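Colleague: I have just opened this one and have not looked at it before. Could you walk me through it while I ask a few questions?

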Amino acid sequence: MGTSKNFSFSRCPYVSSTPFREETKSGFGLPRYTFRNICVENNSVNLDDKTVKVVYNAKAYESVEDPKVRALLRFIQTNEPGEDEYSKRLSEFVEKAKKNEKFRKEYADMNLHDFDIMTEAKEEKALETAENLLKEGDSPEKVSRCVGLPLDQVLELQKELAVSNHAPA
């Protein structure tokens with residue numbers, strides 16, 4: 001799907017566009033990756049739901065042909081606006097948002113709150129999984145490696161389980 005001066009993502013509800021800064025995990029370094037829904041078990045079966053996901057690799061901005069996309073990806077990668085009007089406006093908006101204390105506080109509160117909830121849930125799940133693995137007889141070393149908890153924390157959990165198993169009912 002090429003871009004033209006008449007193209008607008010708002011008129012194309014099936015397209016999702018997400019720029020990102022890091023090299024892709026596959027390491028190919030292409031400037032753009034387009035994904036469609038294809039069956040994993042049989043890649044000749046296409047869901048054909050018109051969903052297309054486009055992911056841009058900002059590090060590869062220099063190899064993008066479209067000058068507007070190249071300018072945007074350059075801005076994302078370098079944080080330096082180009083000569084085009086869009087990246088200049090985007091840069092002004094970013095600078096204005098940085099100076100808006102109310103926006104910064106609300107943004108930080110929202111992200112920190114969500115991050116705290118997610119972190120707490122992950123820690124609870126890790127402890128629950130570690131406890132179950134220890135009850136199944138797995139070694140603390142194996143539990144530590146598999147669950148991602150520090151060995152000393154798994155050993156402490158193992159002690160707590162031993163104490164609770166020997167406590168009078």
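Colleague: Which side chain does the side chain of Ser87 make a polar contact with?

Modeller: Bear in mind throughout that this is a predicted model. In it, the side chain of Ser87 makes a polar contact with the side chain of Asp84, at 2.5 Å, and the side chain of Ser87 also reaches the backbone nitrogen of Gly82, at 3.0 Å.

Colleague: Is Ser87 buried or exposed?

Modeller: Ser87 is buried, because its relative accessible area is 0%, and under 20% counts as buried. Ser87 belongs to helix α2, which covers residues 85-99, and, leaving out residues up to four places away in sequence, Ser87 touches Ala71, Phe75, Pro81 and Gly82.

Colleague: Let me step back for a moment. How many helices and strands does the protein have?

Modeller: There are five helices and three strands, and from the N terminus on they follow the order β-β-β-α-α-α-α-α. The protein has 169 residues, of which 19% count as buried.

Colleague: Which residues make up the largest nonpolar core?

Modeller: That core has nine residues, namely Val52, Val54, Tyr56, Ala58, Tyr61, Val64, Val69, Leu73 and Ile76. The elements that contribute two or more residues to this core are β3 (52-57) and α1 (67-78). Another core, of eight residues, lies apart from it and includes Leu134, Val143, Leu157 and Leu161.

Colleague: And what is Val64 in contact with, leaving aside its neighbours within four places in sequence?

Modeller: With those neighbours set aside, Val64 is in contact with Pro31, Val69, Arg70 and Leu73.

Colleague: You mentioned α1. Which residues are buried there?

Modeller: In α1, the buried residues are Val69, Ala71, Leu73, Phe75 and Ile76. The helix α1 has 12 residues and reaches 16 Å from its first C-alpha to its last, which is close to the 16 Å expected at 1.5 Å a residue.

Colleague: What caps the N-terminal end of α1?

Modeller: Asp66 does, with a side-chain oxygen that lies 2.8 Å from the backbone nitrogen of Lys68. Just after α1, Asn79 takes a positive phi of about 65°.

Colleague: Switching to α4, which residues of α4 are buried?

Modeller: In α4, Pro140, Val143 and Ser144 are buried. These residues are on the same side of α4, because they cover an arc of only 100° around the axis. Arg145 and Cys146, on the other side of α4, are exposed, and just after α4, Gly148 takes a positive phi of about 85°.

Colleague: Where is confidence lowest, and where is it highest?

Modeller: Confidence is lowest in strand β1 (residues 15-20), with a mean pLDDT of 48, and highest in helix α4 (residues 140-147), at 92. Over residues 1-17 the pLDDT is below 50, and this stretch has 19 contacts in the model beyond near neighbours in sequence. The pLDDT also stays under 50 over residues 19-24, for which the model has 21 contacts beyond four places in sequence. Where pLDDT is low, the predicted coordinates should not be read in detail.

Colleague: And what does the protein average in pLDDT?

Modeller: The average pLDDT is 78, and 80% of the residues score at least 70.

Terms used:
Residues are numbered from 1 along each chain as its sequence is written. Side-chain values use heavy atoms; hydrogens and water are left out. A nonpolar core is a set of buried Ala, Val, Leu, Ile, Met, Phe, Trp, Tyr and Cys residues joined through side-chain atoms within 4.5 Å. Buried means under 20% relative accessible area, exposed over 50%, partly exposed in between (1.4 Å probe, protein chains only). Helices (H or I, at least four residues) and strands (E, at least two) are DSSP runs, numbered from the N terminus. Contact means heavy atoms within 4.5 Å. A polar contact is a pair of N or O atoms within 3.5 Å; within protein, one must be able to donate a hydrogen and the other to accept it, and residues adjacent in sequence count only if both atoms are side-chain atoms. pLDDT is the predictor's confidence in each residue, from 0 to 100. The arc is that of the directions from the helix axis to the C-beta atoms. The expected span of a helix is 1.5 Å times one less than its number of residues.
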